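Keep the structure open beside you as you read.

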Amino acid sequence: MVAMDLQPFSIVEDVGFQRFCSVLEPRYKLPSRFHISRTPIPNIYNKVQAKIKEELTKVEHISFTTDIWSSSVGSNSLMSITGHWIDNTNFERKSSVLNASFVGRHTGEAIKSDVERMMTMWEIEKTKVVTILRDNAANVISGLGMTGIHHESCFTHSLQLVINDGLQTQRTVGDMLAIARRIAGHFNHSPLAHHRLKELQTKHELPEHHIIQDVPTRWNSSFYMLERILEQKNALVEYGSLYDIPLMTANQWNLARVLKISPFGVLKISPEKHHDLMPHHQWSYLLFQC
């Protein structure tokens, strides 16, 4: 359960789980969370690592995707590197996270070291690597350039930047989004406001949905925010007549409706789930370029 369902080690200390196990087998003694973290989990990791490493030795070509996340509640940063390859026995595309390590400063040298350390640990030769797909951050471009491995920018990330730049040139769109964000922030930071909105949703027979707060750097999150605000328009308009909250003008409501029906809401596509949406020649280029 810990490995497959991402349950915490402390689940063995939960009273409900202990009673459940006691009903199943009263004689079974649950291990401590310290035992789970020190013995079974490392053993599972070693077995999985050995299996993947053995499979990678048979791979002729491999590509990587990578990204860096910074924690919003701390100073930690995590760099992930995922390998993608074709199984020669059944032509099945496979993927595996080969690196998820904490990095210090996001310098090109640190990124280069992390990539090369990962390749050494998994015994992957640079000659096998077709390309590394990355974002457009200057430090990532610099670090991957130092490795001598071919790398390319993510198309959807580049398109995301284009869309954001385009929106910033349209003041009317920027003003409308600013108001939408203030509306979302009002309900996401006030339990009382959320409760009042819920009453109005019931009155107008609307779904009791939360108002989504977007992330300005992700256009698709802005799309979903506008979609939710439009869905709740009747409740929001009445809420604005009763309480202090910014509301859109008639023109801004119309503009939001126009943007809501644009195709950019589905901009971020996961190739693991939608690989059939990408032209086959692009996959061939990513996986088989020599």
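Which residues are exposed on the other side of α4? Before we get there, a word on the ground rules: this is a predicted model, in which local features need pLDDT of at least 70 and side-chain atom pairs count only at pLDDT 80 or more, while totals for chains, interfaces and linings use all residues. Residues are numbered from 1 along each chain as its sequence is written, and side-chain values use heavy atoms, with hydrogens and water left out.

Now to the helix. Helices (H or I, at least four residues) and strands (E, at least two) are DSSP runs, numbered from the N terminus. Helix α4 takes in residues 40-56, 17 residues in total, and reaches 24 Å from its first C-alpha to its last. That is close to the 24 Å expected at 1.5 Å a residue, where the expected span is 1.5 Å times one less than the number of residues. Within α4, Gln49, Ile52 and Leu56 are buried. They lie on the same side of α4, because they cover an arc of only 70° around the axis, taken from the directions from the helix axis to the C-beta atoms. An α-helix has 3.6 residues a turn, so residues three or four places apart point the same way. On the other side of α4, it is Lys47 and Lys51 that are exposed. Here buried means under 20% relative accessible area, exposed over 50%, and partly exposed in between (1.4 Å probe, protein chains only).

A pocket, on a 1 Å grid over the protein atoms alone, is an open set of points where a 1.4 Å probe fits, with protein on both sides within 12 Å along at least five of seven lines; lining residues have an atom within 4 Å of a point. Of the 13 residues in the lining, Tyr45, Val48, Ile52, Ser96 and Val97 are the closest to the centre. α4 gives the most, with six residues, and both α4 and β3 (92-103) supply at least two each. The lining has 10 nonpolar residues, three polar and no charged; Ala, Val, Leu, Ile, Met, Phe, Trp, Tyr, Cys and Pro count as nonpolar, Asp, Glu, Lys and Arg as charged, and the others, Gly among them, as polar.

Next, the aromatic rings. Three aromatic pairs turn up in a search of the whole structure. Rings of Phe, Tyr and Trp (its six-membered ring) pair if their centres lie within 6.5 Å; planes under 30 degrees apart count as stacked, over 60 as edge-to-face and the rest as tilted. Phe187 and Tyr239 are edge-to-face, because their ring centres are 4.8 Å apart and their planes at 65°. This pair links distant parts of the chain, with Phe187 in helix α8 (residues 171-188) and Tyr239 in helix α11 (residues 233-242), 52 residues apart. Phe187 is buried at 4% relative accessible area, and Tyr239 is buried at 1%.

Finally, Phe91 sits in the loop between β2 (77-87) and β3, and its phi is near 60°, a positive value in a residue other than glycine.
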